[in-house]
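Here is a walk through a structure, one step at a time, from whole chains down to pairs of helices.

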Amino acid sequence: MNNIVGKRREPLSDTKLLMTITISIFVAMYLLAMALLGGGFLHPQQIFDMLNDNASLIIVSCGLTIVMIGGGIDISVGAVTSLVVMSCVLYLNNGGNIFVAALLAIGIGLAFGLVHGYLISYLEIQPFIVTLAGMFFARGMTTILSVNPQKVTHEGFQSLRDVKIEISWLGYTAKNGNLVPARMELGVVIAFVCLIAVFILLKYLRLGRCFYAMGGNQQSALMLGINVKRTRFLSYLMSGCLSGISGFVFMMHTGAGNATNAAGMEMNAIAAAIIGGTLLTGGVGNVAGTFFGVLTLTTIKKIVVSSGLNDPWWQNITTGGMLCFFILLQSVVLSRRNGKKK
Amino acid sequence: MNTKKKFNLSLGQLTIPIIAILILVVFNLIRDPSFFSIGITQNNDGNSVLSGNLITVINGASELAILAMGMTLVTAACGGQDISVGAAAAIAGSAFVKILKSGDSISVGTVILAFLFACVVAMIFGAFNGTLVAVFKIQPMIATLILYTCGRSIAYWINGGATPTVQSSIITAIGGFIPGIPVPTPVLIVVIVAIIFKLVFHFTSLEILTQSVGINGSAARLNGINSTFIKLLSFIILGVCVAVAGCIGVSRLGLINHETLLIDIEMDTILAVAIGGNNLGGGKFKISGSIIGAYVIQMLTITLYAMKVSSTDVKAYKAIVIILLVVIGSPVVKAKFEKLMTKLRSGKAKETVKGAE
């Protein structure tokens with residue numbers, strides 16, 4: 001264990017550097033938005049809104065970060081989320097109970113993770129193709145289940161959906177003199193639990209260190225006595241499980257199932273992980289960075305909307321530009337550091 | 001037996017795509033032999049043209065086949081895939097329409113000018129991707145994620161948020177049939193592009209250079225190959241393919257819809273390259289494999305449509321077939337299968353020896 005930590009020190013410092021850059025850019029951007037745009041950005045509720053809207057994206061990105069640190073890719077996460085939402089909604093509407101629905105969500109996620117992990121690690125098929133097929137399958141199954149949007153009519157679930165944690169000291173006084181507390185949804189709590197769990201896994205547990213070792217250099221990981229196949233299998237299993245949880249959280253946020261749910265989520269999750277400093281080659285990354293990656297992506301979109309660029313194309317173009325900036329920055333920083341070492 | 005082994009070797013990486021297409025053909029023959037009937041019908045303009053499911057397959061896969069050819073080069077040189085081809089095709093299509101709409105009437109000259117402009121635009125975006133990959137050493141998937149995110153929005157912005165239509169007999173001829181020729185024009189374009197690739201590989205050393213860069217970039221550089229340039233070049237060639245595919249897509253419908261033009265084609269293209277037996281990690285490649293792969297995908301889709309599967313559900317069935325194909329093609333399964341075969345063979349040999357005794 002100590003041995004592994006000692007050996008992996010160099011990539012770890014890369015991880016920290018990239019994460020620090022992301023966090024400082026996020027803070028700078030948010031402060032700039034507060035100073036120039038004001039309005040919503042001055043209220044803490046803005047951050048809570050961002051969290052409420054993106055709880056499921058945060059969970060999915062955590063899973064993707066694990067897979068990417070291990071040197072793989074999972075592009076099925078958005079589609080699995082959508083399939084979980086649709087099947088849980090249909091199950092609840094046909095008189096199911098919430099606890100079983102949650103189990104169903106995790107079960108579907110695990111099933112996808114199981115198949116992906118087996119095909120990728122034991123049959124050695126390229127991860128991109130396997131998870132692409134998984135994405136097609138999940139999207140197809142979603143439309144087979146129902147093409148029309150379905151609203152949850154289950155009463156217990158509706159009351160669960162409407163639970164909001166109110167934090168009064170972060171609230172603000174509205175114009176009519178009433179105190180409006182900051183509201184946070186239950187999904188955000190689940191997202192934070194997942195985030196912390198994955199953080200602990202990656203930082204302190206043996207399995208987490210194995211992910212880094214495997215992604216950094218598969219051959220040397222094998223020489224260190226790590227069961228690479230099993231480790232890779234577990235990384236996809238976890239990603240699948242987290243996509244299942246994310247589906248449930250997504251349903252708690254929207255309260256309805258739709259065939260186009262979570263469309264493009266996989267690319268957002270990949271973008272968030274990259275902005276957070278995870279490299280697709282593996283071995284470098286951190287979930288804390290991924291969390292700030294999600295926040296950065298959302299902040300860019302919010303800034304574009306509130307600065308009055310209402311034409312629909314601006315959001316995507318600025319996101320693309322920002323992504324380009326981050327990717328180039330990382331590439332330049334890493335290559336300069338590597339150059340200095342030599 | 002000896003000849004059989006040789007035959008297997010000569011097929012090489014084309015085994016999987018050819019087996020896949022044979023399975024689909026046999027399946028369709030059993031299901032409904034009329035799937036293969038080809039007739040000659042009169043179209044709206046009064047031309048006699050070929051029609052039938054098979055023609056639909058070959059015609060519909062045109063864009064996919066063209067993109068797959070370019071993608072094979074990028075995959076081989078860079079060891080990664082371009083996921084922005086659909087978005088880039090939308091941009092190229094928008095540029096194509098922009099020039100077509102700028103004049104009063106559409107002549108052959110305008111169409112050629114518009115096509116060249118679309119090519120230049122797509123090549124610029126290809127060069128952008130290529131620079132990120134070759135110069136800044138970013139993985140292709142990440143580098144092209146940028147254009148994937150904002151490409152369709154740029155296409156939208158070029159046309160000012162509208163979906164302009166183009167009405168011209170020349171455009172209809174490009175997307176459909178040239179009067180007097182019964183074969184769909186997109187098929188002819190695929191043939192032309194394939195011949196150009198063949199000629200380029202024949203007269204230049206591009207093929208071997210690309211392979212060596214893909215197998216080991218730094219070793220290739222030490223041997224005096226400019227691997228940065230080869231990578232950049234592969235992206236620029238893909239840019240031209242993207243422009244051709246985008247222009248065909250626009251001509252087919254006679255309008256540019258930035259949201260739906262060649263939607264999700266990037267995934268199908270990568271799939272075609274993979275089914276073609278090419279290693280997605282770079283290195284050796286066969287363009288013919290990718291072309292067959294493209295037709296496999298289209299044939300699968302049309303077969304499913306013929307079986308009354310709705311267009312939104314097709315994806316689920318497609319996924320099952322893809323998984324089956326890649327499992328059969330996976331090295332582990334192949335090795336196990338060969339072990340089993342040798343076991344059976346040695347068993348048979350023993351039996352014959354016993355029989356002889």
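Let's start with chain A, which has 14 helices and four strands. Bear in mind that you are looking at a predicted model. A compact globule of 342 residues would have a radius of gyration near 20 Å, and chain A agrees with that at 21 Å. Laid along the principal axes, the C-alpha atoms of chain A fill a box of roughly 65 × 50 × 35 Å.

Now for chain B, where you can pick out 16 helices and two strands. Its radius of gyration is 22 Å, close to the 21 Å that the globule rule gives for 357 residues, so chain B is as compact as a globular protein of that length. The C-alpha trace of chain B spans about 90 × 55 × 40 Å along its principal axes.

Here are the two chains side by side:

**Where the chains meet**

**Two domains in chain B**

The domain assignment of chain B gives domain 1 (54–308) and domain 2 (317–351). Their centres, taken over C-alpha atoms, are separated by 34 Å. Where the two domains touch, five residues of domain 1 of chain B are in contact with five residues of domain 2 of chain B. Which helices can you find on the domain 1 side? Helix 13 (265–275) and helix 14 of chain B each supply at least two residues there. Helix 14 of chain B gives the most, with three residues. As for the kinds of residue, that side of domain 1 of chain B has four nonpolar, one polar and no charged.

Two packed helices are described by the angle between their axes and the distance between the axes.

Take helix 4 (residues 62–78) and helix 12 (residues 227–253) of chain B, which pack at an angle of about 170° with their axes 9 Å apart. Since angles over 145 degrees count as roughly antiparallel, that is the label for helix 4 of chain B and helix 12 of chain B. Among the residues that meet here are B:I66, B:L67 and B:V74 in helix 4 of chain B, and B:F235, B:L238 and B:V242 in helix 12 of chain B. The residues of this contact divide into 17 nonpolar, four polar and two charged.

The other pair brings back helix 14 (residues 287–306) of chain B, this time with helix 3 (residues 53–60) of chain B: their axes come within 9 Å and cross at roughly 135°. Helix 3 of chain B and helix 14 of chain B are therefore oblique to each other. Is their crossing left-handed or right-handed? The crossing of helix 3 and helix 14 of chain B is right-handed. In helix 3 of chain B, B:N53, B:T56, B:V57, B:I58 and B:G60 meet B:Y295, B:Q298, B:M299, B:I302 and B:A306 in helix 14 of chain B. That contact divides into six nonpolar, four polar and no charged residues.

Note on methods: Residues numbered from 1 in each chain as written. Chains lettered and ligands numbered in written order. Predicted model: local features only at pLDDT ≥ 70, side-chain atom pairs only at ≥ 80, totals over all residues. Axes fitted to C-alpha atoms, helices over the stretch in contact; angles between N-to-C directions. Parallel < 35°, antiparallel > 145°, perpendicular 65-115°, else oblique. Left-handed = near helix turned anticlockwise from the far one by under 90°. Contact = placed C-beta atoms within 7 Å. Nonpolar A, V, L, I, M, F, W, Y, C, P; charged D, E, K, R; others polar. Domains from an automatic or database assignment. Rg over C-alpha atoms; globule rule 2.2 N^0.38 Å.
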